[in-house]
Amino acid sequence: MRQTRYFLKTSKTAPSDDVSVNARILEQGGFVQKVLAGVYDFLPLGLRVLSKIENIVREEMNAINAAEMFMPVLHPKENWLATGRWTGLDVLFKVKSQHGSEYALGPTHEEIVTPAAQSIISSYKDLPLAVYQIQTKFRDEPRAKSGLLRGREFRMKDLYSFHADAADLENYYNGQVMPAYEKIYQRLGLDALLTEASGGTFSKYSHEYQVEIESGEDTIYVCSKCRLAKNKEIFEAGAECTNCGKTEWRETRASEVGNIFKLQDKYSSAFNLQYTAADGTKKTVLMGCYGLGTSRVMGVLAEKFHDDKGMLWPENVAPFRVHLLALKGGEAAAEQLYQDLLKAGIEVLYDDRDASPGVKFADADLIGLPYRAVVSGKTVESGSIEVKKRSEAEARLVSADKFFDYINKNQN
Ligand code: ATP
Ligand code: MG
């Protein structure tokens, strides 16, 4: 992508009205733009990051036999009345139509997916099933001052599973979803701590995935031996770790990047979602739900992977792999290298602007692509390209024929 033709403008000055680190860096780097508190434009550069995050999530969901679907944002009021959440969920956005009807803007989708399953599931032979979507969610959050960490409009992957009995639900939850979540966070470059949290009405615990960051809104306690964590809301000082029995805990701040629940029959009962068992009796379907906040993940990545100059994107989610900078005397060679990179299928942002080296270097640091490649009169003379990893202090000269090997190294 040529920077002269890209819908991108970085900024030297921090936004005045948002104190959160992720909002500052992502706005200055030209990834997002604030529209109102808790609502952001994902500009082309930021959308590439979000899409990469969501594609990793999508791949791991597909790998556990979940099928992707897409549900609406506008929900009938009756569905929310049926579960008691029209009045029971304080963050529910309600919309009144000019024709008199009322709707909810989806903060989560149990109220839609459960009735949808009624026409799909009738016999024990139809079970188990799992569907997910990656969607924009709406919540009327009282405090939306943490950039992408807490949006009023935000992105979430939500997976729902349907089972004939508790053992099957348990199997899917522990044996499929938990390992899939581990893989997702690992691929995203995040160390997410499995955290016991309150389970709601029907199970002892739900499990959160928490990433330690200073600006995290949750307080968690991490077992000093096995790293199982507990959310503060259920924590008792001196409690034994459910995993290893130890009683030493470290208190820390973290951000919840995922939350999985065994819903049991909470929503299936509300919508009378039943199946005919092998013995001919009618039984209630059991459900699990599994959320993962993809836009919050992007905020958490920004909180974790930056220095005083800007972002350092992990390779798997970097918007481009290479930032190619054309400096004086290197214009023609840079143009050729840009074409070669495109041909090789390497994602490249090409700074072809008429700007000073200082401006280009500062923007490259701010945007934080894994590799910076500089082509100038000097490098052309020596038949080389100056390459610097964003994570390293020193640049090195790589001969033009070794350049692609160097860039492809560690490619995953
Ligand atoms: P929180 O406790 O942070 O308000 P929650 O427990 O209400 O979140 P869930 O209903 O469990 O959120 O939603 C699933 C996931 O969606 C969360 O783990 C989180 O990653 C993400 N998420 C929830 N609320 C927001 C929000 N306002 N902005 C961005 N992401 C969010
Ligand atoms: Mg939660």
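The side chains of Gln133 and His109 are joined by a polar contact of 3.2 Å, where a polar contact means a pair of N or O atoms within 3.5 Å; within protein, one must be able to donate a hydrogen and the other to accept it, and residues adjacent in sequence count only if both atoms are side-chain atoms. This is a predicted model, in which local features need pLDDT of at least 70 and side-chain atom pairs count only at pLDDT 80 or more, while totals for chains, interfaces and linings use all residues; side-chain values use heavy atoms, with hydrogens and water left out. Residues are numbered from 1 along each chain as its sequence is written, and chains are lettered from A and ligands numbered from 1 in the order in which they are written.

Let us stay with His109 for a moment. Its side chain also makes a polar contact of 3.1 Å with the side chain of His75. The side chain of His75, in turn, makes a polar contact with that of Trp80, at 3.2 Å. Where do Gln133 and His75 sit? Gln133 has its place in strand E7, and His75 is found in strand E4, residues 74-76. Helices (H or I, at least four residues) and strands (E, at least two) are DSSP runs, numbered from the N terminus. Gln133 counts as buried because its relative accessible area is 0%, and His75 is buried with a relative accessible area of 0%. Buried means under 20% relative accessible area, exposed over 50%, and partly exposed in between (1.4 Å probe, protein chains only).

Now step back to the whole chain. The protein chain has twelve helices and 23 strands, and its C-alpha trace spans about 80 × 60 × 45 Å along its principal axes. Of its 412 residues, 51% count as buried. Helix H8, residues 294-304, is mostly covered, with ten of its eleven residues buried. Among them are Thr294, Arg296, Met298 and Glu303.

Arg296 leads us to the ligand. An oxygen atom of ligand 1 is 2.9 Å from an N or O atom in the side chain of Arg296. Backbone atoms take part as well: an oxygen atom of ligand 1 is 3.3 Å from a polar backbone atom of Gly293, and an oxygen atom of the ligand lies 3.4 Å from a polar backbone atom of Gly258. How much of ligand 1 does the protein cover? It covers 83% of the 580 Å² of accessible area that the ligand has on its own, with areas from the Shrake-Rupley method and a 1.4 Å probe.

Which residues surround ligand 1? There are 14 of them, and the closest are Glu141, Arg150, Gly151, Glu256 and Arg296; a residue is near a molecule if one of its heavy atoms lies within 4 Å of it. By class, this shell has five nonpolar, four polar and five charged residues. Here Ala, Val, Leu, Ile, Met, Phe, Trp, Tyr, Cys and Pro count as nonpolar, Asp, Glu, Lys and Arg as charged, and the others, Gly among them, as polar. Strand E13 gives the most to the shell, with four residues.

Gly151 is found in the loop between strand E7 (129-138) and E8. It counts as buried because its relative accessibility is 8%. Gly151 and Gly38 are 113 residues apart in sequence and 4.0 Å apart in space, C-alpha to C-alpha.
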